[in-house]
Amino acid sequence: MLLALFVSRDERQPMNIKALVSMSDAPVTTSQRWIEHLHKLKLIDRVIDPTDRRRVEISLSHSGDQAMRGYLRALRRR
């Protein structure tokens, strides 16, 4: 999920919960629990769409972006 959000941020593509859940290839309830967990860890931000309050946009927070950049740098060094 974090990688998908990292790519969508880089491409400036909005991501909603439904799209993120479908990309995760995990059951919906598991994906939703992970979204909640990542939000509590302040790795992602959730924003309710002002035009459609049923829709929630998900994005990497600044901390999430920094964590992903650090992770990818560490992978590159291997």
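A polar contact is a pair of N or O atoms within 3.5 Å; within protein, one must be able to donate a hydrogen and the other to accept it, and residues adjacent in sequence count only if both atoms are side-chain atoms. This is a predicted model, in which local features need pLDDT of at least 70, side-chain atom pairs count only at pLDDT 80 or more, and totals for chains, interfaces and linings use all residues. Residues are numbered from 1 along each chain as its sequence is written, and side-chain values use heavy atoms, with hydrogens and water left out.

**View 1. The ends of helix α2.** Helix α2 covers residues 17-24. Helices (H or I, at least four residues) and strands (E, at least two) are DSSP runs, numbered from the N terminus. At the start of α2, a side-chain oxygen of N16 comes to within 3.1 Å of the backbone nitrogen of K18. D25 follows α2. The phi of D25 is positive, near 55 degrees.

View 2. S61 sits in the loop between β3 (56-60) and α4. Its relative accessibility is 5%, so S61 counts as buried (under 20% relative accessible area; exposed is over 50%, partly exposed in between; 1.4 Å probe, protein chains only). The S61 side chain reaches the backbone oxygen of K42 at 2.6 Å. Leaving out residues up to four places away in sequence, S61 touches R9, K42, L43, I44 and D45. Contact here means heavy atoms within 4.5 Å.

**View 3. A nonpolar patch on the surface.** L3, V7, Y71, L72 and L75 form this patch. Together they have about 430 Å² of accessible area (Shrake-Rupley method with a 1.4 Å probe; for residues, only the protein chains shown count as cover). Patch residues have over 30% relative accessible area and no salt bridge, and nonpolar side chains (Val, Leu, Ile, Met, Phe, Trp, Tyr) are joined within 5 Å. A salt bridge is a side-chain nitrogen of Lys or Arg within 4 Å of a carboxyl oxygen of Asp or Glu. Helices α1 (2-10) and α4 (62-77) each supply at least two residues of the patch. The largest share, three residues, comes from α4. Y71 lies in α4. Its relative accessibility is 48%, so Y71 counts as partly exposed.

**View 4. The setting of the close-ups.** The protein chain has four helices and three strands. Along the sequence, their pattern is α-β-α-α-β-β-α. Of the 78 residues, 27% count as buried. The C-alpha trace spans about 45 × 25 × 20 Å along its principal axes.

Note on methods
Patch = residues over 30% accessible without salt bridge, like charges linked within 9 Å, V, L, I, M, F, W, Y side chains within 5 Å.
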